[in-house]
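Hi,

Here is the structure I promised to pass on. Have a look at it first, and then read my notes below.

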Amino acid sequence: MSEFDRLVDEAWPAPYRVAAGDWVYRHAGGVTKRANSVLPLGECPDLGKAIDDAEGFYADLGRPCVFSIGGGATPGLDAELESRGYHLVDPTLVMTRSSLEGSADPTIAPEPSPGWVDTWWRVDGGRHPAGTESSAKDWGVRILTGVPAAYASLGEKAVGRGVRQGEWLGIYCMAVVPEARRRGLAGAVLRGLLGWGRDQGATRAYLVVTEGNEGARALYEREGFTVAGRYHYRVR
């Protein structure tokens with residue numbers, strides 16, 4: 001459903017956005033596909049031209065053209081991209097939970113500390129090209145701080161980010177450093193964010209996890225999250 005398309009876009013905001021009808025071109029220096037892809041919602045009278053225009057936009061940036069295909073994606077777009085040779089990448093689950101009982105174990109702050117950022121980047125930053133760490137990390141911080149959020153941490157071992165969006169709490173950036181895994185730290189961070197969201201007035205929570213991340217999926221299922229939607233990317 002398009003609700004999750006919009007929630008995820010709002011909670012992980014690309015610093016640069018260009019509207020093209022109902023589509024949005026997102027750009028964040030190549031840091032995460034989510035912030036460097038087309039969000040293609042609604043009907044489109046000339047699908048071929050719209051795709052051509054998107055390809056031209058990203059070509060001018062020297063970036064690959066990527067589309068995020070969720071429940072609200074333009075009808076027929078996924079099939080058309082497949083026919084053009086776009087690869088299906090990172091099938092992702094949207095998981096939700098309807099109650100927000102939590103705990104007060106993690107430290108919750110309104111801004112990410114340098115230690116918080118270092119922990120998150122240590123886990124997620126390796127996806128980005130060698131030699132661009134400084135600038136890529138800066139892009140990451142710009143995305144993180146693009147909307148008000150809560151930053152949970154257990155020292156510099158485990159972190160997570162929560163974004164209040166009306167009745168929803170979005171959970172992002174769950175990361176535990178390798179040597180501290182299998183100690184229950186991720187669950188503690190998650191419950192801390194749920195408690196924070198409840199105190200802020202949220203009544204439901206959602207998160208996104210790649211379909212192949214079996215460990216994270218098992219954790220979220222144990223914490224009461226169930227699959228409510230899916231999306232994937234098409235990459236030229």
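Which residue in S11 is the bridge partner of phenylalanine 67? It's arginine 234. Before the rest, some ground rules: this is a predicted model, where local features need pLDDT of at least 70 and side-chain atom pairs count only at pLDDT 80 or more, while totals for chains, interfaces and linings use all residues. Residues are numbered from 1 along each chain as its sequence is written, and side-chain values use heavy atoms, leaving out hydrogens and water.

Back to the strands (E runs in DSSP of at least two residues; helices are H or I runs of at least four, and both are numbered from the N terminus). S4 (residues 66-69) and S11 (residues 226-235) run antiparallel, joined by four bridges; two strands pair if DSSP finds at least two bridges between them. In a regular strand, side chains alternate between the two faces of the sheet. In S4, Val66 and Ser68 on one side and Phe67 and Ile69 on the other are all buried (under 20% relative accessible area with a 1.4 Å probe, protein chains only; exposed is over 50%, partly exposed in between).

Now helix H7 (residues 214-222): its buried residues are Ala216, Leu219 and Tyr220. Down the helix axis they fall within an arc of 95 degrees, so they line one face of H7 (the arc uses directions from the axis to the C-beta atoms). Glu214 and Arg222, on the other side of H7, are exposed. After H7 comes glycine 224, with a positive phi near 90 degrees.

Finally, arginine 161 sits in strand S8 (residues 158-165), and its side chain reaches the backbone oxygen of leucine 144 at 3.0 Å.

Cheers

Definitions and conventions: A polar contact is a pair of N or O atoms within 3.5 Å; within protein, one must be able to donate a hydrogen and the other to accept it, and residues adjacent in sequence count only if both atoms are side-chain atoms.
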